[in-house]
Amino acid sequence: MIRPLPRTSARRLAVGCVGLLLIAGCSGSGSASRSGSGSGSPAAAPGSPAATVDGPEREAALAALLDARARAITTHDRAAFSATLADPRSAYGTRQLAAYDAMALLPLADVGYGTVQVAPPLTTDRASELGPGAWVARVEGHYELAGYDTGPRTFDTYFTAVRATAGWRLADDVDGGSQPQPWDLPGMAVARSATSLVMGNVPEATLRAYLAIEDRAVSRVSAFWTRPWPRRLVVVAPATVPQMQGQLSAQQGDVSQVAAVTDGPIDRGSTAHSDRIVLNPVAFADLQPAGRTVVLTHESTHVAIRSSLPGRVPTWISEGTADLVGYSTVSLADNQIAGALVAQVKASGPPRALPVDSQFDAATTMIAPIYNQAWLAARLIDRAVGPSGLTRFYVASASAGSDSDVEAATAKAFRTVLRQTVAAFTITWLAEVRRVSGRR
């Protein structure tokens, strides 16, 4: 996540920034059991006897219908996709066909739907509106972006099914908590390169501008993070803040302090395989070009690390490292980058210890000064042992265990990489905070 700096001119220059794992590790597992996919034979063809009865046969018929939908998406068969809809000319049908047209712009692979589960019943008014036999199913969808993802992206979706002459058909997706996907953004467009994909419903010229920044970010991040990573980036650029919040796989609440969030599934002890950098359209648009470069390079650093290093580290290490790489793209004085921290120190004095994870929660505190603190800590490590040493420190601090395991791994990293204790480093870091803040 990224927090813009206070205004230093008519527009914001950069960010006091930073961001990754408000989401990491809490967005669900990467893959789940599946009963159908974009290929293979359906359990029961739409319109067969199984499509006209209740109970397990009804659910099997819907699973077959969803298999047909998945095949239509992957084979680019708009007519077959339309045939899964109860009324292609209805508001739902029109919206679904627009989503199909957006999906056709993406390199979708391994599209499918998991086991059909019966959702809570329709209200009396809704059931009366849809007709006898209408019911709601919850399924887990999955897909990959070929060439960008190395594992499936999953999402919950709800389908309302009605009995048509030819069998069960899809009549809506509002009876439940369907999770919006990029193709649900009205008017979604796509910009692609060999290393990056940007999709969203902001102007196409804006998408292309973001793509150019991301292409440069791949080179910048790869120069720092030399562990093997896919070197592929995916950005989602919604037009409104509510649309941004809908694209996140976990509830974010107030996102006013963040310009971007790295979001994606990651299992304990594993690596991320389908991260998305989701932009806050208000905060991100309010940045000057240099600030946008800082933000996207910062988030790209998270993507690189998450996709190549299992386990987790203290948040100050992940955010400070990402800030270090992000701010390497601009020439700014220390007190400009750490402006929020400087103001905080002048108002209430310097911190007493390295920031703990809870201090990075934008829902409970002003996070810009905390990210500034993390940046100064990462820069001290970089100055002491160089970029390769900072990478070694990061890797040594990572643990897939409990909080105490992470703390123990970090303490060991201080001893083995920096040849000092956490306490000794903290003293040096506090002196740096005072120096940058003009408090000797």
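**Arg231 sits in the loop between helix 5 (204–224) and strand 8 (233–237).** The model is predicted: local features need pLDDT of at least 70, side-chain atom pairs count only at pLDDT 80 or more, and totals for chains, interfaces and linings use all residues. Residues are numbered from 1 along each chain as its sequence is written, and side-chain values use heavy atoms, with hydrogens and water left out. Helices (H or I, at least four residues) and strands (E, at least two) are DSSP runs, numbered from the N terminus. Arg231 is not a glycine, yet its phi is positive, at about 60 degrees. Arg231 counts as partly exposed because its relative accessibility is 41%. Here buried means under 20% relative accessible area, exposed means over 50%, and partly exposed lies in between (1.4 Å probe, protein chains only).

**His76 occupies the loop between helix 1 and helix 2 (78–82).** Its phi is near 60 degrees, a positive value in a residue other than glycine. The relative accessible area of His76 is 47%, so this residue is partly exposed.

**Leu287 lies in the loop between helix 7 (281–285) and helix 8 (289–306).** Leu287 counts as buried because its relative accessibility is 0%. Ala259 is 28 residues away from Leu287 along the chain, and the two C-alpha atoms are separated by 8.9 Å.

**The whole chain has 14 helices and 10 strands.** Of its 440 residues, 55% count as buried. The accessible surface comes to about 17600 Å² (Shrake-Rupley method, 1.4 Å probe; for residues, only the protein chains shown count as cover). Carbon and sulfur atoms hold 53% of that surface. A contact means heavy atoms within 4.5 Å. Among contacts between residues at least 6 apart in sequence, 69% join residues at least 24 apart.

**The largest nonpolar core has 114 residues, and Trp183, Trp316 and Phe425 touch the most other members.** Such a core is a set of buried Ala, Val, Leu, Ile, Met, Phe, Trp, Tyr and Cys residues joined through side-chain atoms within 4.5 Å. Helix 12 (residues 368–397) supplies the largest share of this core, 11 residues. Phe425 touches Trp316, Leu354, Ala377, Leu380, Ile381, Phe414, Leu418 and Gln420, leaving aside residues up to four places away in sequence. Another core, of seven residues, lies apart from it; Val136, Tyr158, Val162 and Ala171 are among its members. In soluble globular proteins, nonpolar side chains tend to be buried together.

**Helix 11 (residues 339–348) buries Ala340, Leu341, Val342 and Val345.** The buried residues of this helix pack against helix 10 (334–337), helix 12 and helix 14 (422–436). Just after helix 11 comes Gly349, with a positive phi of about 90 degrees.

**The largest cavity has a volume of about 130 Å³.** Its lining has 15 residues, and Tyr148, Arg232, His273, Asp275 and Val303 are the closest to its centre. A cavity is a set of points, on a 1 Å grid over the protein atoms alone, where a 1.4 Å probe fits but cannot get out; lining residues have an atom within 4 Å of a point. Points are joined across faces, edges and corners, and a volume is the space filled by probe spheres set on them. By class, the lining has seven nonpolar, four polar and four charged residues. Ala, Val, Leu, Ile, Met, Phe, Trp, Tyr, Cys and Pro count as nonpolar, Asp, Glu, Lys and Arg as charged, and the others, Gly among them, as polar.

**The second largest cavity holds about 60 Å³ of space.** Its lining consists of Tyr143, Arg153, Gln179, Pro180, Gln181, Pro182, Val236, Gln247, Arg276 and Val278. Five of these count as nonpolar, three as polar and two as charged. The model has two cavities of 30 Å³ or more.

**The second largest pocket has a volume of about 470 Å³.** It is lined by 29 residues, with Arg95, Gln96, Ala99, Trp183 and Asp184 the closest to its centre. A pocket is an open set of grid points with protein on both sides within 12 Å along at least five of seven lines. Helix 1 (56–74), helix 3 (91–103), strand 1 (108–113), strand 3 (135–145) and strand 4 (153–164) each give at least two residues to the lining. Helix 3 has the largest share, seven residues. The lining divides into 16 nonpolar, eight polar and five charged residues.
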